[in-house]
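Let us take a walk through this structure together, one stop at a time. Please keep the sequence and the 3D view side by side as you read.

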Amino acid sequence: MPPSPHGLPGRFVVIEGVDGCGSTTHTKRLTKALREMDIDARLTCEPSTGPIGGTIRQILQNRLVVADRSGPRPFDWATMGLLFAADRLDHLDSEVLPGLEAGKVVVSDRYDLSSLAYQSVTAKDATSVVPWIRELNRRAIRPDLTIVMDVPAAVARERRESRGGDEEIYDSRDLQERLVAVYARAEDLIPGDRVVHIAGDAGVGDVAARVLDAVREILPDTTDS
Ligand SMILES: Nc1ncnc2c1ncn2[C@@H]1O[C@H](COP(=O)(O)OP(=O)(O)OP(=O)(O)O)[C@@H](O)[C@H]1O
Ligand SMILES: [Mg+2]
């Protein structure tokens, strides 16, 4: 069991990847599996369910736009970076830190790796973006483990299409293909963090078992079984 990067009694696990990688499916399954092992687990997500998270979701769904002189347009990448960073601090205060202080395993569907990935593929100059997004998120504690679900762009797209729902601002084919490449080298974006890649295109049960194996490695001795 490695030492915890945040020094709190709980453990903080993040699942990440492109849209349709299965992060929602597997954060839910992981939380359920941990509870079945009598481990106190809390499921949470970003964008959070708080007020800034709610605003971000409306922007993602194109229901909230900027009133530009030339007409309505989506918020630009830098504004999104600021909103996601603000939501993250709110999410940490309201959900993550209280859970970790209470000794829970907090499982988050996305965290700051999403900001680094999505903002770097939507900005004009990706190289200068990463240090800026890191600085905005400097107060965000490091997770004990980040699991990246690697799924080919075509598989993720098929899943998104079969799930239905309205198109969101990050849904374009080109953007999602670039995101797959960014997530494949996630370690470059969060150097020093513990990152485990799992192939997310295997069967759901197999993927869930691999996720649980990765999480067992970071559980405190008292809950390790
Ligand atoms: N390993 C898997 N094999 C087959 N289907 C899967 C697998 N994992 C998830 N799915 C299915 O793919 C779809 C997308 O999964 P999910 O909603 O968890 O993705 P997501 O990454 O959370 O997407 P988004 O980021 O858009 O919310 C769901 O219908 C889910 O049942
Ligand atoms: Mg999801």
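We start at Met 149, which, leaving aside its neighbours within four places in sequence, is in contact with Ile 15, Gly 17, Cys 21, Gly 22, Ser 23, His 26, Ile 198 and Gly 200. Two residues are in contact if their C-beta atoms, placed from the backbone, lie within 7 Å. Before going further, please note that this is a predicted model, in which local features need pLDDT of at least 70 and side-chain atom pairs count only at pLDDT 80 or more, while totals for chains, interfaces and linings use all residues. Residues are numbered from 1 along each chain as its sequence is written, and chains are lettered from A and ligands numbered from 1 in the order in which they are written.

Met 149 is found in strand E6. Helices (H or I, at least four residues) and strands (E, at least two) are DSSP runs, numbered from the N terminus. Met 149 counts as buried because 24 other C-beta atoms lie within 10 Å. A residue is buried if 20 or more other C-beta atoms lie within 10 Å of its own, exposed if 12 or fewer, and partly exposed in between, with C-beta atoms placed from the backbone. Arg 138 is 11 residues from Met 149 in sequence, and the two are 24 Å apart in space, C-alpha to C-alpha.

Now step back to see the sheet. Five strands form an open sheet in the order E2-E5-E1-E6-E7, with parallel pairing. The edges belong to E2 and strand E7 (195–199), each with a single partner strand, so one side of each is left without a neighbour in the sheet. From one strand to the next, the twist averages 20°; axes here are lines fitted to C-alpha atoms, for helices over the stretch in contact, and angles run from 0 to 180 degrees between N-to-C directions. Two strands pair if DSSP finds at least two bridges between them.

Six of its six residues are buried, so E1 is largely enclosed by the rest of the structure. Arg 11, Val 13 and Ile 15 are buried on one side, and Phe 12, Val 14 and Glu 16 are buried on the other. Five bridges join E1 in parallel to strand E5 (residues 105–109), where Val 14 stands opposite Ser 108. E1 also pairs in the parallel sense with strand E6 (residues 145–150), over four bridges, and there the bridge partner of Ile 15 is Ile 147.

E6 in turn pairs with E7, again in the parallel sense, over five bridges. Ile 147 stands opposite Val 196 in E7. Helix H9 packs on the sheet, touching E1, E6 and E7, and its direction makes about 165° with that of E7.

Leaving aside its neighbours within four places in sequence, Val 211 is in contact with His 26, Leu 30, Ile 147 and Ile 198.Helix H4 (residues 112–122) is mostly covered, with 10 of its 11 residues buried. Those buried residues pack against E1, H3, helix H5 (126–136), E6, helix H7 (173–184) and helix H8 (186–189).

Next comes the ligand. Ligand 1 is surrounded by 15 residues, the closest being Asp 19, Gly 22, Thr 24, Thr 25 and Arg 159. A residue is near a molecule if its C-beta atom, placed from the backbone, lies within 6 Å of it. Helix H1 (23–36), helix H6 (153–163) and helix H9 (204–216) are the elements that give two or more residues to this shell. H1 provides the largest share, three residues.

Last, look at the backbone. Most residues other than glycine have a negative phi, and most peptide bonds are trans. Asp 38 has a positive phi of about 65° although it is not a glycine, and its place is in the loop between H1 and E2. A cis peptide bond joins Glu 46 and Pro 47, with omega about -5°. Pro 47 sits in the loop between strand E2 (41–45) and helix H2 (51–60).
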